[in-house]
Amino acid sequence: MMDKDIYGTVLKDCYNGKKDIALLLHNHYGEAEDYPIEMFFRDESEMPDAETIALNLCKGKVLDLGAGTGNHALALQNKGFDVTAIDISEGACEIMRTRGVKNVVCAYVFNYKEQKFDTLLLMMNGIGFVGYIDDLKIFLNFAKTILNPSGQILFDSSDVSYLYEDLDRSADPYYGETDYQYEYNGVKGEWFAWLYIDEYEMKKVALECGWELQVVYQNLNDNYLGRLTML
């Protein structure tokens with residue numbers, strides 16, 4: 001049995017008060033891990049530094065990509081921003097509307113070209129949705145079509161080299177290209193690709209696509225907040 005929106009199903013159960021929710025995240029490099037459900041529902045005071053800094057760096061019209069339950073969209077909305085929240089999960093979008101996010105779009109971002117923005121916000125390693133390095137290049141070129149000339153991309157990501165022993169950083173495929181699968185109540189979702197990109201590889205890819213990377217913040221866990229602007 002396969003649930004095409006297992007992510008949305010979990011979010012709705014959590015939002016509706018179901019207790020003892022266990023969401024497993026299968027991967028290709030080790031044992032399945034418990035996904036921390038509490039990450040789905042937080043206010044600004046509970047967010048890590050990278051996220052609160054990113055919220056403070058937002059400007060103009062904001063597109064919150066992979067908005068999930070709308071944590072960041074709501075925080076920006078409360079600050080007076082014109083923010084649009086986009087997510088491919090129908091369950092997530094349903095919750096965002098219920099929570100009070102004013103502008104919610106349920107779509108794949110590459111299919112959304114209705115307006116231009118000043119900030120693209122991708123938190124909780126949201127930029128990882130591209131899956132692979134080659135797809136990141138496609139996204140960075142696409143982003144130019146929905147950003148105003150002085151616009152920016154704010155994202156956080158991590159160097160996951162610690163997961164691998166005797167890592168050859170120059171080997172293909174890139175070690176941050178990962179595959180995951182959700183499992184909830186014995187039901188598994190489809191496998192999906194996710195990218196964790198270290199700052200040095202991101203800088204190289206960004207320059208190739210006409211962007212400049214500024215690392216705004218970095219913590220001791222190899223997680224960093226990046227700001228991309230067009231060259």
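Q: Which backbone oxygen lies 3.1 Å from a polar atom of the side chain of Gln181?
A: This is a predicted model, in which local features need pLDDT of at least 70, side-chain atom pairs count only at pLDDT 80 or more, and totals for chains, interfaces and linings use all residues. Residues are numbered from 1 along each chain as its sequence is written, and side-chain values use heavy atoms, leaving out hydrogens and water. Gln181 sits in strand S8 (residues 177-184), strands being DSSP runs of E with at least two residues and helices runs of H or I with at least four, numbered from the N terminus. The oxygen in question belongs to Gly189.

Q: Is Gln181 buried or exposed?
A: Buried means under 20% relative accessible area, exposed over 50%, and partly exposed in between, with a 1.4 Å probe and protein chains only. Gln181 has 8% relative accessibility, so the label is buried.

Q: Which strands stand at the edges of the open sheet?
A: The sheet has seven strands in the order S5-S4-S3-S6-S7-S12-S11, with mixed pairing; two strands pair if DSSP finds at least two bridges between them. Each edge strand has a single partner strand, so one side is left without a neighbour in the sheet; these are S5 (104-106) and S11 (211-218).

Notes
A polar contact is a pair of N or O atoms within 3.5 Å; within protein, one must be able to donate a hydrogen and the other to accept it, and residues adjacent in sequence count only if both atoms are side-chain atoms.
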